[in-house]
Amino acid sequence: MLEYDDHIAVAVSGGKDSLTLLNLLVKLEKRFPKSKITAISVDEGIAAYRDEALELARKACDRLDVEHTIVSYRELFGITTDEIARMRLGQTPCAYCGVFRRKAINKAAAMVGATKIATAHNLDDEVQTVLLNMLHGDPLRIVRSGPVLRDPRGNFLTRIKPLCEIPEKEIVLYAYLTGLEFQSIACPHSADALRNDIRSFLNLMEQKHAGSKFTLNRTAERVRELLAAAAPTSQLNECENCGDPTPHRLCEACLMLHAIVA
Ligand code: SF4
Ligand code: ZN
């Protein structure tokens, strides 16, 4: 995942996963004097939620002596997740928020001059997403996820998920044992009913058949290898609005922004 001289942009939300990742990478980085870490946080504009998380992220960065950059949806897109939620559009706020977050993290990482982006997805997140993609009838999305996302065309920074084989419970344990101060309240807009059902199902499977999550993750890795060989690499154009690479005329975030103001 990493090279000795990488400048890693670590996406830090202020939750247990991202603070654990930051802690671990800072420890590792000390052994590689040519490497660098910058924490990046995204302020989606969610009242009574994100401010606390950003404060916790700020404190952790101070303690670990890591540079911290915050970008906001307000400054990047002119709208916040709370405002989108109030508009009661066709999709859930998470549908917009997730797309905007990916773009915001890419922008922040490019701003700080990073060579890689590290996100804190854990084993539970990964296998939930595999099942979600299958239930949404979008198996090719499995190719576009996984522990390391490298763009062979060189248009996007490589994304890595160092915690993708660590069960969520172990991360909680690490966070408590090391005394990490993390945000524990849920986002007021999180209402992804399908993901919640999949989470319950996978936890039940794990309880009854230990190792189910690891097995599913391994299966996804094999499927990914087979699909990657079969799926053609798409041609990219420049988004007519923001210039970001996209297989279409507009990138997904700009398409969404157009739909919001229409
Ligand atoms: Fe955004 Fe949804 Fe996550 Fe809340 S739960 S921060 S709305 S993606
Ligand atoms: Zn765009």
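Reader: Which residues of α1 are buried?
Author: In α1, Lys16, Asp17, Ser18, Leu19, Thr20, Leu21, Leu22, Asn23, Leu25 and Val26 are buried. Buried means under 20% relative accessible area, exposed over 50%, and partly exposed in between, with a 1.4 Å probe and protein chains only. Helices (H or I, at least four residues) and strands (E, at least two) are DSSP runs, numbered from the N terminus.

Reader: How many of its 14 residues is that?
Author: Ten of the 14 residues of α1 are buried, so mostly the helix is covered.

Reader: Before we go on, what are we looking at?
Author: This is a predicted model, where local features need pLDDT of at least 70, side-chain atom pairs count only at pLDDT 80 or more, and totals for chains, interfaces and linings use all residues. Residues are numbered from 1 along each chain as its sequence is written, chains are lettered from A and ligands numbered from 1 in the order in which they are written, and side-chain values use heavy atoms, with hydrogens and water left out.

Reader: Back to α1. What covers its buried residues?
Author: The cover includes β1 (7-11), β2 (36-43), α2 (50-64), β4 (116-118) and α7 (168-177). Contact here means heavy atoms within 4.5 Å.

Reader: And what is its span?
Author: Helix α1 (residues 16-29) should span 20 Å at 1.5 Å a residue, and its end C-alpha atoms are 20 Å apart, which agrees. The expected span is 1.5 Å times one less than the number of residues.

Reader: Now the strands. Is β1 buried or exposed?
Author: Five of the five residues of β1 are buried, so the strand is largely enclosed by the rest of the structure. His7, Ala9 and Ala11 lie on one side, Ile8 and Val10 on the other.

Reader: What does β1 pair with?
Author: β1 pairs with β2 in the parallel sense over five bridges. β1 also pairs with β4, again parallel, over three bridges. Two strands pair if DSSP finds at least two bridges between them. His7 stands opposite Lys36 in β2, Val10 opposite Ala39 in β2, and Ile8 opposite Lys116 in β4.

Reader: What about β2 and β3?
Author: β2 and strand β3 (residues 67-72) pair in the parallel sense over six bridges. Ala39 has His68 as its bridge partner in β3, and Val42 stands opposite Val71 there.

Reader: What order do the strands take in the sheet?
Author: The open sheet has six strands in the order β3-β2-β1-β4-β6-β5, with mixed pairing. β3 and β5 (148-149) stand at the edges with a single partner strand each, so one side of each is left without a neighbour in the sheet.

Reader: Last topic. Which residues are around ligand 1?
Author: Glu44, Ile46, Thr81, Cys94, Cys97, Arg101, Cys187, His189 and Ser190. A residue counts as near if one of its heavy atoms lies within 4 Å.

Reader: Which helix gives the most to that shell?
Author: Helix α5 (residues 93-112), with three residues.
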